Amino acid sequence: AIYCSDLTRAVRTAELAFGERGIPIVGDARLRECDYGALTRHPAADIEARRASQIALPFPGGESYEQCVARVSAWLADASAAHPGRDVLVIGHRATFYALEHLLCRLPLEHVIAASWCWRPGWTYRVSQDPVGRG
(Lines give C-alpha, C1' and ligand atoms only; values in the text may rest on other atoms or scores of the structure.)
Protein backbone atom coordinates (compact mmCIF):
# COMPACT_ATOMS: atom_id res chain seq x y z
CA ALA A 1 0.00 0.00 0.00
CA ILE A 2 1.09 3.58 -0.62
CA TYR A 3 -0.14 6.34 1.64
CA CYS A 4 0.72 9.97 1.23
CA SER A 5 -0.22 13.33 2.59
CA ASP A 6 -3.11 14.78 0.62
CA LEU A 7 -1.10 17.95 -0.05
CA THR A 8 -0.37 18.42 -3.75
CA ARG A 9 3.41 18.03 -3.53
CA ALA A 10 3.14 14.67 -1.76
CA VAL A 11 0.41 13.35 -4.06
CA ARG A 12 2.41 14.42 -7.12
CA THR A 13 5.54 12.72 -5.75
CA ALA A 14 3.59 9.50 -5.22
CA GLU A 15 2.09 9.66 -8.70
CA LEU A 16 5.45 10.31 -10.37
CA ALA A 17 7.24 7.57 -8.46
CA PHE A 18 4.56 4.88 -8.31
CA GLY A 19 1.63 5.87 -10.52
CA GLU A 20 2.29 3.25 -13.21
CA ARG A 21 2.78 0.34 -10.82
CA GLY A 22 -0.88 -0.37 -10.24
CA ILE A 23 -0.63 0.09 -6.48
CA PRO A 24 -3.39 2.29 -5.09
CA ILE A 25 -2.15 5.63 -3.76
CA VAL A 26 -4.20 6.83 -0.81
CA GLY A 27 -4.03 10.51 0.13
CA ASP A 28 -4.64 11.11 3.82
CA ALA A 29 -4.87 14.50 5.55
CA ARG A 30 -3.46 12.97 8.75
CA LEU A 31 -0.05 12.77 7.03
CA ARG A 32 0.09 16.50 6.29
CA GLU A 33 2.85 18.85 7.34
CA CYS A 34 2.35 20.74 10.58
CA ASP A 35 -0.11 23.59 10.19
CA TYR A 36 2.10 26.61 10.78
CA GLY A 37 -0.92 28.92 10.86
CA ALA A 38 0.12 32.56 10.61
CA LEU A 39 3.69 31.43 9.79
CA THR A 40 2.65 29.44 6.71
CA ARG A 41 4.81 30.48 3.74
CA HIS A 42 7.21 32.37 6.02
CA PRO A 43 10.94 31.71 5.57
CA ALA A 44 12.10 28.36 6.92
CA ALA A 45 14.32 30.20 9.41
CA ASP A 46 11.20 31.64 11.07
CA ILE A 47 9.82 28.12 11.59
CA GLU A 48 13.18 26.76 12.78
CA ALA A 49 13.48 29.52 15.37
CA ARG A 50 10.13 28.52 16.93
CA ARG A 51 10.05 24.77 16.38
CA ALA A 52 11.12 23.74 19.92
CA SER A 53 8.58 26.06 21.56
CA GLN A 54 5.66 24.64 19.56
CA ILE A 55 5.71 21.09 20.89
CA ALA A 56 2.65 21.56 23.12
CA LEU A 57 1.79 25.13 22.16
CA PRO A 58 0.26 25.49 18.68
CA PHE A 59 1.83 27.79 16.13
CA PRO A 60 -0.31 30.99 16.06
CA GLY A 61 -3.50 30.01 14.24
CA GLY A 62 -2.08 26.53 13.56
CA GLU A 63 -1.28 23.36 15.44
CA SER A 64 1.33 22.00 17.83
CA TYR A 65 3.64 19.09 17.18
CA GLU A 66 1.71 17.10 19.79
CA GLN A 67 -1.39 17.59 17.65
CA CYS A 68 0.57 16.39 14.60
CA VAL A 69 1.63 13.28 16.52
CA ALA A 70 -2.00 12.58 17.48
CA ARG A 71 -3.21 12.65 13.88
CA VAL A 72 -0.28 10.55 12.60
CA SER A 73 -0.92 8.11 15.46
CA ALA A 74 -4.55 7.74 14.35
CA TRP A 75 -3.38 7.10 10.77
CA LEU A 76 -0.80 4.57 12.00
CA ALA A 77 -3.43 2.61 13.93
CA ASP A 78 -5.72 2.50 10.89
CA ALA A 79 -2.95 1.58 8.43
CA SER A 80 -1.56 -1.09 10.76
CA ALA A 81 -5.01 -2.67 11.11
CA ALA A 82 -5.62 -2.52 7.35
CA HIS A 83 -2.25 -4.04 6.43
CA PRO A 84 -1.08 -6.29 9.31
CA GLY A 85 2.42 -7.60 8.70
CA ARG A 86 2.59 -5.94 5.28
CA ASP A 87 4.86 -3.26 3.87
CA VAL A 88 3.37 0.20 3.60
CA LEU A 89 5.06 3.10 1.88
CA VAL A 90 4.47 6.55 3.37
CA ILE A 91 5.13 9.87 1.66
CA GLY A 92 4.78 12.65 4.17
CA HIS A 93 6.51 15.69 5.55
CA ARG A 94 8.80 16.61 8.40
CA ALA A 95 5.92 16.48 10.88
CA THR A 96 5.20 12.91 9.70
CA PHE A 97 8.84 12.00 10.31
CA TYR A 98 8.82 13.60 13.76
CA ALA A 99 5.68 11.67 14.69
CA LEU A 100 6.98 8.32 13.45
CA GLU A 101 10.32 8.78 15.23
CA HIS A 102 8.44 9.60 18.43
CA LEU A 103 5.79 6.89 18.15
CA LEU A 104 7.80 4.00 16.73
CA CYS A 105 11.32 4.66 17.98
CA ARG A 106 9.95 5.90 21.29
CA LEU A 107 12.14 9.01 21.22
CA PRO A 108 11.05 12.06 23.20
CA LEU A 109 9.35 14.47 20.83
CA GLU A 110 11.46 17.37 22.05
CA HIS A 111 14.64 15.42 21.16
CA VAL A 112 13.36 14.52 17.70
CA ILE A 113 12.45 18.12 16.95
CA ALA A 114 15.71 19.52 18.39
CA ALA A 115 17.93 17.09 16.46
CA SER A 116 19.75 18.32 13.41
CA TRP A 117 17.54 17.70 10.38
CA CYS A 118 18.99 15.84 7.44
CA TRP A 119 16.69 14.39 4.82
CA ARG A 120 17.67 11.09 3.35
CA PRO A 121 15.70 8.70 1.19
CA GLY A 122 14.01 5.76 2.79
CA TRP A 123 13.53 5.57 6.51
CA THR A 124 12.23 2.13 7.46
CA TYR A 125 10.06 1.43 10.48
CA ARG A 126 8.70 -1.79 11.93
CA VAL A 127 5.32 -1.86 13.65
CA SER A 128 4.56 -4.58 16.18
CA GLN A 129 3.12 -5.07 19.63
CA ASP A 130 6.61 -4.94 21.17
CA PRO A 131 8.81 -1.86 21.39
CA VAL A 132 9.92 -1.12 17.86
CA GLY A 133 12.44 1.02 16.11
CA ARG A 134 13.79 2.25 12.85
CA GLY A 135 15.92 0.03 10.67
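1. The model is predicted, so local features need pLDDT of at least 70 and side-chain atom pairs count only at pLDDT 80 or more, while totals for chains, interfaces and linings use all residues. Residues are numbered from 1 along each chain as its sequence is written, and side-chain values use heavy atoms, with hydrogens and water left out.

2. A search of the whole structure gives 7 salt bridges. The term denotes a side-chain nitrogen of Lys or Arg within 4 Å of a carboxyl oxygen of Asp or Glu.

3. Glu15 is partly exposed at 40% relative accessibility, and Arg12 is partly exposed at 44%. Here buried means under 20% relative accessible area, exposed over 50%, and partly exposed in between (1.4 Å probe, protein chains only).

4. Arg30 and Asp28 form a salt bridge through their side chains, at 2.8 Å from N to O. Arg30 is partly exposed, with 24% relative accessibility, whereas Asp28 is buried at 12%. Both residues belong to a network of salt bridges that also includes Asp78.

5. A salt bridge also links Arg51 with Glu48, where the closest N and O atoms are 2.8 Å apart. Arg51 is buried, with a relative accessibility of 5%; Glu48 is partly exposed at 38%.
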